[in-house]
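Here is a short walk through one protein model. Keep the sequence and the 3D view side by side as you read.

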Amino acid sequence: MRYLPLTEADRRDMLAAIGARSIDALFEDVPQSARLAGKIAGLPDHQGELEVERAFQAFAARNVSPSQAPFFIGAGAYRHHVPAAVDYMIQRGEFLTSYTPYQPEITQGTLQYLFEFQTQVALLTGMEVANASMYDGSTAAAEAVRMANRITRRSRALVSGGLHPQYRGIIETAARWEGFSIQSATPDPAGLESLIDGVDKQTSCVVVQNPSFFGHVRDFSRLAAACQAAGALLIVVVTEVVSLGLIEAPGTMGADIVVCEGQSIGNGLGFGGPYVGLFATREKYVRQMPGRLVGETVDADGKRGFVLTLSTREQHIRREKATSNICTNAGLCALAFTIHLSLLGEAGFRRLAELNHAKACELADRVAALPGVTVLNESFFNEFTVRLPRPAAPVVEALAAKRILAGVPVSRLIPNDPSVDSLLLLAATETATEAGMAPLIAGLKEVL
């Protein structure tokens, strides 16, 4: 229900009933140090709903929207076209049943789409089993390290220099409070690091990203073999799930756990969320997998049905027995993912990946032709790193002032490291057009 303002008489009656002399008296216990000294600049006093809508529309118009400007931002969150059918389908009552599917007899819609979601994730990642989603890719990565520690009974994780800095930060936070150690490699803009020599009998897991934060595509088969020989697990992180339409699946390379950010399928950028984490592993590790697992069964009449097969989270069992302290899944985002991927089908998904790679190749060729600009990647999917002849952050700001969203300066995510100041991440998805690439190239020429 919309808020309906009360009359002055209503307010007086309520204050009299609770024994307060005024509205301000209700807040007398709030310390003066926590109160604003005056009104907030730019916010007028109470207005009508229409006036408020207009005011906030004016605020919103100050943003540079991806749909209104050339857009080449990636770094873990990507702009893709989401068909209008997705938004319609996720509101259908057949799927959008109760929030938490504890009573299977009344939540078959939720359970079925989660079952299909798990199947899709397992196929994409090349793994044997997947859970019913996580919050997002970064927290899923931290859960994967915790899972590897439980399985190996070791407490040292080796983290690639190609892992997204924010993912590394989440893992480091978990390590700080849970008592395991992190050995982080230095950032790897050239994509040349080798982690094999760092794997030993004390290593619980090795965490890598493919494509890496800097866009490099790697074959981790040899690293997987080294991990297996040392009794460690290989965790592969994928921040751009569309890449799995072209790149060999991590499971085929020998990964033990695969975590992905699924935002690219069915979910818009949304100012940073909500997103959906994908989590898949090998069947022998299923009882150590965090989150929930939906399974297929038959009812008393022999009809196909779905139930929660595993749900070993701390809200259900003792904290020390739980495999995760994440107490929900990103259900609606998982549903959007499942519907979008179902609409694409396997052939459509592969074609989407091909379009992404083709757009990025075109952009890389055009950027590399600029004087003083170097593309660092020999391999990439839809994102790559360039070295500019001057610091990247002011270049990006100058182009943003021209309403061109020209990628992400690496220094924004790896601060206080002068070696990355001139590096710029550029992403081109199927939404990139000639009408967007031309202003970017012209803008870079002018600013550089």
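Begin with His216, which counts as buried because its relative accessibility is 4%. Buried means under 20% relative accessible area, exposed means over 50%, and partly exposed lies in between (1.4 Å probe, protein chains only). His216 sits in the loop between strand S4 (205-209) and helix H7 (221-230). Helices (H or I, at least four residues) and strands (E, at least two) are DSSP runs, numbered from the N terminus.

A word on the model itself. It is predicted: local features need pLDDT of at least 70, side-chain atom pairs count only at pLDDT 80 or more, and totals for chains, interfaces and linings use all residues. Residues are numbered from 1 along each chain as its sequence is written, and side-chain values use heavy atoms, with hydrogens and water left out.

What surrounds His216? Beyond its neighbours within four places in sequence, His216 is in contact with Asp188, Pro189, Ala190, Gly191, Asn210, Pro211, Leu376, Asn377 and Ser379. Contact here means heavy atoms within 4.5 Å. Two of these residues also have polar atoms to look at. A polar atom of the His216 side chain lies 2.5 Å from the backbone oxygen of Pro189. The side chains of His216 and Asn377 are joined by a polar contact of 3.4 Å. A polar contact is a pair of N or O atoms within 3.5 Å; within protein, one must be able to donate a hydrogen and the other to accept it, and residues adjacent in sequence count only if both atoms are side-chain atoms.

The peptide bond leading from Asn210 to Pro211 is cis, with omega near -15°. Ser212 lies in the loop between S4 and H7 too. Ser212 is buried, since its relative accessible area is 9%. Ser212 and Val237 are 25 residues apart in sequence, yet 8.6 Å apart in space, C-alpha to C-alpha.

Another cis bond runs from Gly273 to Pro274, with omega near 0°. Pro274 has its place in the loop between strand S6 (257-261) and strand S7 (277-281).

Now turn to backbone angles. Ser133 has a positive phi of about 95°, although it is not a glycine. Ser133 lies in the loop between strand S1 (129-130) and helix H5 (137-152). At 2% relative accessibility, Ser133 is buried. Asn416 also has a positive phi, of about 60°, and is not a glycine. Asn416 is found in the loop between helix H11 (410-413) and strand S13 (423-427). Is Asn416 buried or exposed? Asn416 is exposed, because its relative accessible area is 80%.

Next come the charged pairs. The model has 15 salt bridges. A salt bridge is a side-chain nitrogen of Lys or Arg within 4 Å of a carboxyl oxygen of Asp or Glu. Asp200 pairs with Arg156, and the closest N and O atoms are 2.7 Å apart. This pair links distant parts of the chain: Asp200 is in the loop between strand S3 (181-184) and S4, while Arg156 is in strand S2 (residues 156-159), 44 residues apart. Asp200 is partly exposed, at 30% relative accessible area. Arg156 is buried, at 15%.

Arg282 and Asp256 form another salt bridge, at 4.0 Å from N to O. They too link distant parts of the chain, 26 residues apart: Arg282 is in the loop between S7 and strand S8 (293-298), and Asp256 is in the loop between helix H8 (250-253) and S6. Both Arg282 and Asp256 are buried.

Glu296 forms a salt bridge with Arg304, with the closest N and O atoms 2.9 Å apart. Salt bridges that share partners join Glu116, Glu296 and Arg304 into one network. Glu296 is partly exposed, at 45% relative accessibility. Arg304 is partly exposed, at 47%.

Finally, the cysteines. How many disulfides does the structure hold? The count is 0, where a disulfide is a pair of cysteine sulfur atoms within 2.5 Å. For Cys227, the nearest cysteine sulfur is that of Cys205, 8.6 Å away. Cys227 is buried, at 0% relative accessibility. For Cys333, the nearest cysteine sulfur is that of Cys260, 15 Å away. Cys333 is buried, at 9%.
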